[in-house]
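Q: I'd like to learn how to read a protein model. Could you walk me through a few features?

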Amino acid sequence: MSKQQYDLKAKTDYLQRKMFLDPAGPVTIQRFEEVKYNKLAKFEQTARGFFWIPEEISLTKDSNDFKEASETVRHIFTSNLLRQTALDSIQGRCPTQIFLPVVSVPELEALCLLWGFFETNLHSKSYSHIIRNIYNVPKEEFNKIHHTQPIIDMASHIGRYYDDLYQINCRREMGHKIDEQEHVQSIWLALHASYALEALRFMVSFATSLAMVENRIFIGNGNIISLILQDEILHRDWTAYIINQVVKEDPRFKAAQVECEEEVYQMYMDVIREEKAWAEYLFKKGPVIGLNAPILKDFVDYTAAGALKEIGIKYQHSAPKTTPIPWFNKHVNTSN
């Protein structure tokens with residue numbers, strides 16, 4: 001239980017601990033002189049080096065671009081921006097509210113705290129910064145989120161797995177007896193829900209934003225999205241590492257991988273289906289130069305095949321061998 005975090009009498013050897021739900025309990029002393037998971041520590045260090053603030057970037061031209069844009073472009077730009085706001089509203093809470101209560105090593109605790117900070121204090125605030133500077137009545141734009149069914153459906157699909165783990169965590173904190181394997185399965189499913197968001201949903205969303213930059217409009221927004229993309233690629237990579245690592249070293253998670261295999265795969269198929277439906281919604285009023293619904297759907301398949309391969313899952317459907325959006329690569333290559 002979390003109150004053990006404030007009992008500093010007992011010594012603990014973090015180098016011998018499991019990543020999640022170690023019998024020794026939660027993290028007490030935050031000590032980093034040596035860590036079990038150097039890769040997690042390196043991820044966290046890299047993320048700290050990425051710090052930026054959205055107010056650094058001017059959106060004056062973007063405001064003029066929006067006034068001059070066609071109804072089609074306005075629909076695509078606004079819908080995508082609102083969905084990005086919803087995605088980060090969910091993901092900003094996940095690391096600290098959902099994963100932190102079950103973390104057993106300080107380097108992962110530090111990572112979760114920073115992860116939540118970036119999603120909320122930088123990414124969500126970025127979208128507010130954009131909306132405030134482009135729309136006459138920002139409140140009206142934010143309120144549209146609650147009436148856009150594809151966004152609501154997407155949020156409920158992710159939220160289901162986060163809610164399940166949150167409730168189990170709460171019951172455990174209250175002293176209720178929890179079946180350990182049920183708890184592990186819930187962590188496993190929540191990790192995959194998080195990976196689906198980081199590796200699929202965010203990437204599809206960013207491709208749409210950056211298509212505007214390729215058309216030489218909404219450059220300020222594109223500069224912000226490029227910074228967020230840099231962050232999310234890192235978040236995607238460390239989520240994949242966690243998924244792969246716990247299966248290698250923790251028999252409980254290896255068992256969960258087998259027990260939840262069908263549900264996990266179906267989760268990704270549902271995400272892919274929803275992303276393709278979103279492509280239809282996004283371009284229902286027409287395309288932009290270089291991007292339309294069929295191209296974005298192919299991009300979903302291409303991205304899904306690569307993302308699933310990273311965590312040892314074979315995508316059982318056809319997917320393009322090369323990216324349908326080649327210009328996206330220059331934005332993904334953050335070394336440039």
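A: Let's start with a term: buried means under 20% relative accessible area, exposed over 50%, and partly exposed in between (1.4 Å probe, protein chains only). Before the cases, know that this is a predicted model, where local features need pLDDT of at least 70, side-chain atom pairs count only at pLDDT 80 or more, and totals for chains, interfaces and linings use all residues. Residues are numbered from 1 along each chain as its sequence is written, and side-chain values use heavy atoms, with hydrogens and water left out.

Q: Is F218 buried or exposed?

A: F218 has a relative accessible area of 0%, so it is buried. F218 sits in the loop between α8 and α9; helices here (H or I, at least four residues) are DSSP runs, numbered from the N terminus. Its phi is positive, about 55 degrees, although F218 is not a glycine.

Q: And R216, is that buried or exposed?

A: R216 counts as exposed because its relative accessibility is 66%. R216 is also found in the loop between α8 and α9. Phi of R216 is near 60 degrees, a positive value in a residue other than glycine.

Q: How do I check the length of helix α9?

A: The expected span of a helix is 1.5 Å times one less than its number of residues. Helix α9 (residues 219-249) has 31 residues, so it should span 45 Å, and its end C-alpha atoms are 45 Å apart, which agrees.

Q: What does N169 touch?

A: Contact means heavy atoms within 4.5 Å. Leaving aside neighbours within four places in sequence, N169 is in contact with Q97, I98, P101, V102 and H183. N169 belongs to helix α7 (residues 149-173) and is buried, because its relative accessible area is 4%.

Q: Which side chain makes a polar contact with the side chain of N169?

A: A polar contact is a pair of N or O atoms within 3.5 Å; within protein, one must be able to donate a hydrogen and the other to accept it, and residues adjacent in sequence count only if both atoms are side-chain atoms. Here the partner is the side chain of H183, at 2.7 Å. A polar atom of the N169 side chain also lies 3.0 Å from the backbone oxygen of I98.

Q: What about H331, which residue's side chain does a polar contact join it to?

A: That's E214, at 3.3 Å. H331, found in helix α13, counts as buried because its relative accessibility is 16%. Not counting residues up to four places away in sequence, H331 touches L210, E214, S226 and L229.

Q: How many cavities of 30 Å³ or more are there?

A: Rolling a probe the size of a water molecule over the atoms shows where empty space is left. On a 1 Å grid over the protein atoms alone, a cavity is a set of points where a 1.4 Å probe fits but cannot get out, and lining residues have an atom within 4 Å of a point. Grid points are joined across faces, edges and corners, and a volume is the space filled by probe spheres set on the points. This structure holds one such cavity, and the largest cavity has a volume of about 40 Å³.

Q: Which element gives the largest share of its lining?

A: That's α3, with five residues. Among the lining residues are I76, F77, T208 and N221.

Methods
1 Å grid on protein atoms, 1.4 Å probe; cavity = no way out; pocket = protein on both sides within 12 Å on 5 of 7 lines; lining within 4 Å. Helix = DSSP H or I, 4+ residues; strand = E, 2+ residues; numbered from the N terminus.
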